[in-house]
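Let's take a walk through this fold, one piece at a time. Keep the picture open while you read, and find each part as it comes up.

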Amino acid sequence: MHKKHKLLIANRGEIAVRIIHACKDMDITSVAIYADDDIASLHVQFADEAWALSGQTAQQTYLDINKILDIAYKAQVTMIHPGYGFLSERAEFAQAVMDAGLIWVGPSPETIHKLGDKIQARKIAQSVNAPLVHGTEQPLQSAQEALDFAKQYGLPIAIKAAYGGGGRGLKVAWQLNEVADLYESAVREALAAFGRGECFVEQYLDKPRHLEAQIIADQQGHIVVVGTRDCSLQRRNQKLVEEAPAPFINEHIEVQIVQSAIAICRAADYIGAGTVEYLLSQNGQLSFLEVNTRLQVEHTVTEQTTGLDLVVEQIRIALGQPLSIQEMPQPIGHAIEFRINAEDPARGFIPAFGQLTRFHPPSGIGIRLDTGVMTGSVVSSHFDSLIAKLIVTGATREIAIQRAKRALAHFEIEGIASVLPFHRAILSDADFIDEFKVHTRWIEQDSRHDYPHYSRSKLSNQAELQRYPIEIDGKLHQIGLPNGFFSLVGTQPPNQKPNDSDHNPSNNSVLAPISGVITIWKVQENDHVNQGEAIALMEAMKMEVPVIAQQTGKIQKLIEINQTVETDSKIAEIN
């Protein structure tokens, strides 16, 4: 490369760190951006430069296209990599980056738009005869249309955000009487997560496996499937464990996946790294699901089994260079990724926030750790719960599983709940190890594990910023310092936020299941409620969680909606 490039990473956490590593390997200057809570985070420390987004929520920071482009201009970058999540699949962001005269690391805006619209993607898949289940041709206008489809093709049906991904805005209806409510919920979630509420419906394959093909395509017209993956272990349609190559599939299925993935990408003029996803039913029916027009969280297992650096490939492709391989490589060994989420398996995997008082990952042969945190890091309630990824590689699946047992036994996380107990349990479960009976709803339907209860820490206020006016050469500037900065010179940890409602809640108290905001009360003051009834909806990290009445009685003292509350704080009383 003759020209010295400078790349801005429009993301945070472990994926931002991962892209910074690739930049360093390619001798490209890296530029990080950060929300207030992220000022002390690893990606900010590792980047060559870091710029403030001056805001707290995703909306005010990593989703603000104007702010990001403004920083790109000030920092004089030449390229932007979106990572995954946030703006990575937004065609208008890709277009804005290109309009600003910068290199976009990803597919063209036209391709993102075509494949990001799930209905268009289905049409492309149909045009190349990719395997496919029945679905609606247009976005739904009403819940009634979803009902009509269910009556015609039978239950279960999947209601999906047309512009969504990552399990958000996806609801599965198993009974006719729940179709309307789930349709409304999917629309709300889609609006909150993606800014667009359109949804469509398709047949839902019961207990399917989730398989995918990693593709890379250059500007010269070469398209290569780099490998297959299995990502069947999910909760709330979001993946927890992924492996490569996809185990226990026959050659016929693999050939179908590889050939249709290439055909779909060719039809969509695909350039860059992407993933074509499929569902495989219990009886062997394969169905195209969607194309993710970005890097995937689980790209790591494909890297481990091919020796390719997919982020470097992405950057090379964006710079107009040809793929470094021309045909599908033979996989080397087997790799399994365990997503390390700040979530409590004992409470149905609800997100946990707060300060990591200890983060001590394993090491040794066959172990890779991609992390966005370290001991002392604060896990913010404003962003996704993924804090790190443990990737274990072995010559065979059996060896990888043995190494994973060792690694997970040595992994220590304290201060907040994590999914480590789930990962340890899965490694002794025959459904995963031997017979591979896992499917996308296995955790909710078939898992029989009890997880230890974790007493969660309250959010420390260490991560929040205080801004102070400061005059430099007669010009007024703002300086941002972590809250409690002046007391941090000592060794005392910052004070916890007091929360009066936390003290001595009675059995009548309705407690918040997560830290977040109450978006809807489904009941009113003095209503009679029944035990087990959903009385409110809370939202955290773009995810809706119902609040369930813990007993039967009269509900009183409802707190106001849109007020931020902490886990286990009192939000109402049932007397």
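## A helix lying over a sheet

Start with helix 7, which lies across strand 6 and strand 8 and runs at about 10 degrees to strand 8. One thing to keep in mind as you look around: this is a predicted model.

The strands under discussion belong to an open sheet of 3 strands, ordered 7-6-8, with antiparallel pairing. Strand 7 (170–173) and strand 8 (199–203) are the edge strands; each has a single partner strand, so one side of each has no neighbour in the sheet. On average, neighbouring strands here are turned by 20 degrees against each other, if you ignore direction. Look at how strand 6 (residues 157–161) and strand 8 are held together: they run antiparallel and are joined by 5 bridges.

## Helix 7 meets helix 8

Helix 7 has another partner too. The axes of helix 7 (residues 143–153) and helix 8 (residues 179–194) come within 9 Å and cross at roughly 125 degrees. That angle makes helix 7 oblique to helix 8. As for handedness, helix 7 passes helix 8 in a right-handed crossing.

Which residues in helix 7 and helix 8 meet? On the helix 7 side they are A143, A146 and L147, and on the helix 8 side V179, A180, Y183 and E184. Sorted by class, the residues of this contact are 6 nonpolar, no polar and 1 charged.

Now for some rings. The whole structure holds 13 aromatic pairs. One of them is W174 with Y204, an edge-to-face pair with 5.8 Å centre to centre and 80 degrees between the planes. W174 sits in the loop between strand 7 and helix 8, while Y204 sits in the loop between strand 8 and strand 9 (209–217), so the pair ties together parts that are 30 residues apart in sequence.

Next, find the open sheet of 5 strands, where the order is 3-2-1-4-5 and the pairing is parallel. Which strands stand at the edges? Strand 3 (49–52) and strand 5 (103–104) do, each with a single partner strand, so one side of each is left without a neighbour in the sheet.

Strand 1 (residues 6–9) and strand 2 (residues 29–34) run parallel, with 4 bridges joining them. Here you can pick out K6, whose bridge partner in strand 2 is T29.

Helix 3 (residues 65–74) and helix 4 (residues 91–99) have axes that come within 11 Å and cross at roughly 25 degrees. Helix 3 and helix 4 are therefore roughly parallel to each other, and their crossing is right-handed. In this contact, I65, I68 and L69 of helix 3 meet E92, F93, A96 and V97 of helix 4. The classes here are 6 nonpolar, no polar and 1 charged.

Last stop: helix 5 (residues 109–116) and helix 6 (residues 118–127), which pack at an angle of about 90 degrees with their axes 5 Å apart. That makes helix 5 roughly perpendicular to helix 6. Helix 5 brings K114, L115 and G116 to the contact, and helix 6 brings K118, Q120, A121 and I124. By class, you get 3 nonpolar, 2 polar and 2 charged residues in the contact of helix 5 with helix 6.

Conventions: Residues numbered from 1 in each chain as written. Predicted model: local features only at pLDDT ≥ 70, side-chain atom pairs only at ≥ 80, totals over all residues. Heavy atoms only, no water. Axes fitted to C-alpha atoms, helices over the stretch in contact; angles between N-to-C directions. Helix = DSSP H or I, 4+ residues; strand = E, 2+ residues; numbered from the N terminus. Parallel < 35°, antiparallel > 145°, perpendicular 65-115°, else oblique. Left-handed = near helix turned anticlockwise from the far one by under 90°. Contact = heavy atoms within 4.5 Å. Nonpolar A, V, L, I, M, F, W, Y, C, P; charged D, E, K, R; others polar. Pairing = 2+ DSSP bridges. Phe/Tyr/Trp six-rings, centres within 6.5 Å; stacked < 30°, edge-to-face > 60°.
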